[in-house]
Structure formats: C-alpha cells, structure tokens
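User: Please take a close look at one part of this model and describe how the strands there pair. Then set that part in the context of the rest of the chain, including its aromatic side chains.

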Amino acid sequence: MYKINEIDDFKYLTFPIFDGYDELLHGFTTRKGGVSKVAYESMNLGFGTGDDEENVSKNYHIMADKFRIKIEDIVETDQTHTNNIRYVTENHKGRAMMDPKYTDIDGIYTDKKNVVLMSFHADCNAVYFYDPVKSLIGLSHAGWKGTVLNITGEMIKAFIELGSNPADIKAAISPSLGQCCFEVDKDVADMFIAADIKYKDFMITKGEKYHFDLWEINKYNMIKEGMSENNIEVAGLCTKCHNDLFFSHRGQKGKRGLMSGILMMKMP
C-alpha cells in the first residue's frame, strides 16, 4: 500500500499505515522534481554518485522545502550494508556524516522531536518504524546484505530496550527490487539459507538463478520479533520495473541517483 503525492513536479510516496498520526512526517522520494540531468534526472539526493554536487545541493533544498523541514535538522545514515543501528539525538543534527564515530550505520532511531531521519536508496529497502505509544521512530536501509543480517529485527530489539511493546510498532517497506528482479547466484542463495532456513520459503528458482522476496523476508523478520503482520505495510513497487519513477542500481547498471527515506516526529 502506498500513496503518490505531488507538489508541483515533486513526487513522493507516503504510507497509509501512518495516516492519522499528526506528529509524524514521513515520505519516500522519487526521481521526480529536481534539477539533475541524464542518469541522475532529476531528484538525485546522493552526493558522491557522480552527479554535479551543486545540483544535488539544490535538490536537497527543493526536497526540504516540499517537506517543510530544515536541512540542518537532518541526521543521515552512513550506509555500508550492515545491520548496525544507532540511537541519535539533536546532537547529531547536520553533522552525522562528519562524526568520525558515526560510521557503518545502516539504521537510525530516536525518541526526539524535530530530528529528521534520512536514508538513501536505489533498489534497497527503506524500512520505516513508528511506535505511537512510546513516540519512537526508526529508519533502516535494508539491502540484501542487511536483510540477511536481519537489520529490521535489530531495530525492533532496540525499540524494546527503550520500552516498546512490539505489538504497538507500525512499519512500512518502501519500493525496492521486487522478487521479479532480485536474482542471485547460488553462493548468495546459500548465504540466505545459512542465515535462516525459513528464508527458503521466500525463494524461487529460474534456471540457474535464485529469486528472493526481500519484502516478505523483512516482514518475516519483524513478525519473528513480535510485530503484528497487520501493522506492516509493503509498497509493493519494484524500482527496476518502475525505473521511470525510481532510480534503480541494477536497472541503470550502477549509474544512477539516490532516493531518500524521510521520517520525523514534529513538535506539538
């Protein structure tokens, strides 16, 4: 489930499961509404992708204006395809990427207001977490490696440590590579099965390739930690199949921009 929102030519997704929570601001950007060109057209939010950095900076300001957030309030992930997560506060605003202690972090969470969590994607899952009872939010970058390593389960464990009941947590999974397009060789398939034999239930074979359903594996990992299936929403959009709307690392053979997950609790 998802909703496509459009402000002028800026398009972004929201998830109905979070509707009705006035304190919550969330969104998943598309490739629409920015100033970047060619393979990065147009809302590229990734510095270091090969795009003109001035254009990326302009895109940040456009995105912030559309979401009505402040760039200086953003805390970004430092993604290296791990299952490492970190609690962040106001002290991390605007400087997370410059903190030498802040490395190899694929998930961030907070109970603070006006701290904008931001992650980056071009086929990998953005997984959003919200506990409306304890006022906790979390955002994780779950590529296939992070999925195998159960980063979503790690986030729920972190919420529990801060007093959450897993049954209260709501979650949403962004567009990413669908099972249709996420194909791997036997060595990677063996890694999935070695991590959890149940992952085999979410695998199909096509010739010599193995196709895993990362959406369902992440759901399974969340349910395993006590979440209710009814509290998990999946966008169900494959980024490679919808390359006109989303950047796709596989679909564009590595030359692509980055979309972002955005999540924040607002001040009353």
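Analyst: In the predicted model, Thr205 stands opposite Tyr210 of strand E13. Residues are numbered from 1 along each chain as its sequence is written, and side-chain values use heavy atoms, with hydrogens and water left out. Because the model is predicted, local features need pLDDT of at least 70 and side-chain atom pairs count only at pLDDT 80 or more, while totals for chains, interfaces and linings use all residues.

Strand E12 covers residues 203-206 and pairs with E13 in the antiparallel sense, over four bridges; pairing requires at least two DSSP bridges. The two strands form a hairpin with two residues between them. In the turn, Gly207 has a positive phi of about 65°.

E13 (residues 209-212) also runs antiparallel to strand E11 (residues 183-184), to which two bridges join it. There, Glu183 has His211 of E13 as its bridge partner.

The whole chain contains five helices and 15 strands, taken as DSSP runs numbered from the N terminus (H or I, at least four residues; E, at least two). Its C-alpha trace spans about 45 × 45 × 35 Å along the principal axes. Among contacts (heavy atoms within 4.5 Å) with a separation of 6 or more, 64% involve residues 24 or more positions apart.

Phe212 belongs to one aromatic cluster together with Trp144, Phe182, Phe192, Tyr199, Phe202 and Tyr220. A search of the whole structure finds 17 aromatic pairs; rings of Phe, Tyr and Trp (its six-membered ring) pair if their centres lie within 6.5 Å, and planes under 30 degrees apart are stacked, over 60 edge-to-face and the rest tilted. Phe18 and Tyr130 form an edge-to-face pair, with 6.5 Å from centre to centre and 80° between the planes. This pair links distant parts of the chain: Phe18 lies in the loop between strand E2 (10-14) and E3, Tyr130 lies in strand E8, and the two are 112 residues apart. Both Phe18 and Tyr130 are buried.

The rings of Phe28 and Phe246 have centres 6.3 Å apart and planes at 50°, so this pair is tilted. Because Phe28 lies in strand E3 and Phe246 in the loop between strand E14 (232-234) and strand E15 (259-265), the pair ties together parts that are 218 residues apart in sequence. Phe28 is buried at 0% relative accessibility, and Phe246 is buried with a relative accessible area of 0%.

Just after H3, Gly163 takes a positive phi of about 105°.

Ser36, in the loop between strand E3 (24-29) and helix H1 (53-67), is buried, with a relative accessible area of 2%. Leaving aside residues up to four places away in sequence, Ser36 touches Glu41, Ser42, Asn44, Asp51, Asn55 and Asn59.

Methods: Buried < 20%, exposed > 50% of the residue type's maximum accessible area, 1.4 Å probe, protein only.
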